Amino acid sequence: SQAYHNLRENPDRRITTDPKLTQLGVKQALNLKETFTTTNVTHILCSPLTRALQTAQIAFEDLISQGLKVVAYPDLREHGSGPASAGTSLQELQRLLHNANQITDLSLVPEGWESNDKECKDERRIRARRVRKELWELGQEALKETGGRWKGYEVSRGAMPQNIEILVVSHGAFLQKMLGLESKSSLSSKYGEGMFWNCEWKSFEFAREDNQSGIKKYYLQETSESRSRVSTPIRE
């Protein structure tokens with residue numbers, strides 16, 4: 001959802017660290033809560049940046065009330081070395097989320113994660129590839145008949161006999177990199193090539209390919225249903 005660094009009229013937009021949602025951002029998250037139609041979600045992974053956590057807690061309140069936790073996953077953080085891409089310390093996050101500690105899991109967030117030293121292009125690509133691989137591994141572990149383990153968590157398919165549906169709450173620039181859309185128009189957004197509106201949601205599925213060297217590549221493809229979905233951004 002929209003946060004204070006998105007406001008062009010905000011004189012402090014370039015110096016605000018880990019900005020919170022604006023009033024419009026809260027409205028966007030509430031609208032997503034009303035329009036999000038997928039009910040078979042089995043896992044929620046979220047960037048630990050404040051605007052992402054706030055969006056998840058508002059927009060997916062119904063899923064959370066059914067027992068799903070929001071797992072803060074640092075590799076979903078935004079690209080960039082500016083203050084808006086810097087995080088809040090683990091100790092402060094624990095304090096701020098004290099009342100929400102039953103729905104937000106910070107176990108994967110290490111001390112010092114908030115530092116956002118500039119990533120080079122290769123490091124961004126490596127992180128994006130790592131996230132794709134780990135999302136695939138989460139699905140494979142959760143599909144095991146008796147459940148499995150992912151990054152120290154016990155995971156299962158829940159009530160879903162076949163599909164694992166992982167809800168990812170992240171940021172536009174990183175999602176472009178993760179989906180390989182930086183210079184492509186294959187994403188069905190009208191905002192621009194491979195771009196996302198604030199609070200826009202899309203659905204993807206895995207297609208894995210093994211190359212001749214035996215290295216596995218994990219591709220995410222937008223579903224036909226997602227391509228046909230019309231996103232109407234809330235701007236006021």
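Let's start with contacts. Take the contacts in the chain between residues at least 6 apart in sequence: 66% of them join residues at least 24 apart. Keep in mind that this is a predicted model.

Now the overall make-up. The chain has seven helices and eight strands. It contains 236 residues, and 46% of them are buried.

On to the charges. Side chains of opposite charge can pair when their charged atoms come close. How many salt bridges does a search of the whole structure find? The search gives 12. I'll show you some of them.

Pair one is D75 with R130. Their closest N and O atoms are 2.8 Å apart. Where do the two residues sit? D75 lies in the loop between β2, residues 70-72, and α4, residues 90-96. R130 belongs to helix α5, residues 121-142. The partners are 55 residues apart, so this pair links distant parts of the chain. Is D75 buried or exposed? D75 counts as buried, because its relative accessibility is 17% and the cut-off for buried is under 20%. R130 has 33% relative accessibility, so R130 counts as partly exposed.

Next, E225 and R229. This salt bridge has its closest N and O atoms 2.7 Å apart. R229 is at 15%, so R229 counts as buried.

Now look at E154 and R149. Their side chains meet in a salt bridge too, at 3.6 Å from N to O. Why does E154 count as exposed? Its relative accessible area is 69%, and exposed means over 50%. R149 has a relative accessible area of 48%, so R149 is partly exposed.

One more stop. Which residues are linked in a network of salt bridges? They are E200, K202 and E222. Find these residues on the screen.

Let me recap. The search found 12 salt bridges. One of them joins D75 to R130 and links distant parts of the chain. Another joins E225 to R229. E154 and R149 form a salt bridge as well. And E200, K202 and E222 make a network. That's my tour. Thank you.

How values were computed:
Residues numbered from 1 in each chain as written. Predicted model: local features only at pLDDT ≥ 70, side-chain atom pairs only at ≥ 80, totals over all residues. Heavy atoms only, no water. Salt bridge = Lys/Arg side-chain N within 4 Å of Asp/Glu carboxyl O. Helix = DSSP H or I, 4+ residues; strand = E, 2+ residues; numbered from the N terminus. Buried < 20%, exposed > 50% of the residue type's maximum accessible area, 1.4 Å probe, protein only. Contact = heavy atoms within 4.5 Å.
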